[in-house]
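Here are my notes on this model, point by point. Please read them with the structure open.

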Amino acid sequence: MADGRRLILLGPPNSGKGTQAAILAERLGIPAISTGDMLRAARDAGSELGRKVAGIMATGELVDDDTMKEVVRERLARQDARGGYLLDGYPRTMRQVRDLEEILGNTDGIDCVLLIRVPDEELIRRALERGREDDQEEVVRQRLNVYEEKTEPLIGYYRKLGLLREVDGHRPIEEVTSQLMEALGAESQEGVAS
Ligand code: AMP
């Protein structure tokens, strides 16, 4: 079965992660849970959470792990997350990995971690082309530095657990989607065989 799964989508900023998360979630019939979208909505609504995180978000730094843990805990407790979900943008630090394990109540609550790989030069090119408000070159580089320093260690961690599937993100959108679906198919067949 393609649905009912708890998936994590990993990838650097501007890897197309958000786009792929939306497509995959639709195909798999599970919600895409994007912490970036949730924080932007909070910021735009001017909620207490939004006011707390707006400054940090503007610099390209990460919101603190404790705040993120509560945001994710609440989101995963909602009804629509009971049949599985695709996490986009969480976890992003090793502390968040442990927090997620705690929220799920065990270490094997996650079924598969999909990694979209894109070369740095291409990421920066895409970011500047998009020209979003928070995409000035300095912030773009900062977001990339933060990813390399804080988030890349997750790759080795999930690889060791045998959960990681990598795809080439320097490809047209549909090809990246196909690779991701294939990675998930291969994963579920392995699950059936063992
Ligand atoms: P994103 O759209 O996923 O790149 O998220 C936009 C911004 O929200 C990030 O640059 C962070 O400041 C913040 N953010 C989103 N997800 C997380 C997370 N898991 N941990 C810390 N900060 C986050």
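1. The largest pocket has a volume of about 1000 Å³. A pocket here is an open set of points on a 1 Å grid over the protein atoms alone, where a 1.4 Å probe fits, with protein on both sides within 12 Å along at least five of seven lines. The volume is the space filled by probe spheres set on the points, which are joined across faces, edges and corners.

2. The model is predicted: local features need pLDDT of at least 70, side-chain atom pairs count only at pLDDT 80 or more, and totals for chains, interfaces and linings use all residues. Residues are numbered from 1 along each chain as its sequence is written, and side-chain values use heavy atoms, with hydrogens and water left out.

3. The lining of the largest pocket comprises 48 residues, each with an atom within 4 Å of a grid point. Pro13, Lys17, Arg40, Arg92 and Arg143 lie nearest the pocket centre. By class, the lining holds 19 nonpolar, 15 polar and 14 charged residues. Asp, Glu, Lys and Arg count as charged; Ala, Val, Leu, Ile, Met, Phe, Trp, Tyr, Cys and Pro as nonpolar; the others, Gly among them, as polar.

4. The ligand sits in the largest pocket; that is, more than half of its atoms lie within 2 Å of the pocket's grid points. Its shell has 14 residues, the closest being Thr35, Glu61, Gly89, Arg92 and Gln96. The shell divides into 6 nonpolar, 4 polar and 4 charged residues. Helix α2 (residues 35–45) gives the most, with 4 residues. Helices (H or I, at least four residues) and strands (E, at least two) are DSSP runs, numbered from the N terminus.

5. Look at the ligand nitrogens. One is 2.8 Å from a side-chain N or O atom of Thr35. A ligand nitrogen is 2.8 Å from a polar backbone atom of Gly89. For the side chain of Gln96, the distance from a ligand nitrogen to an N or O atom is 2.9 Å.

6. Two backbone features deserve a check. Tyr90 and Pro91 are joined by a cis peptide bond, with omega about -5°. Pro91 is in the loop between β3 (85–88) and α5 (94–104). Asn14 is not a glycine, yet has a positive phi of about 75°.

Conventions. A residue is near a molecule or strand if one of its heavy atoms lies within 4 Å of it. A polar contact is a pair of N or O atoms within 3.5 Å; within protein, one must be able to donate a hydrogen and the other to accept it, and residues adjacent in sequence count only if both atoms are side-chain atoms.
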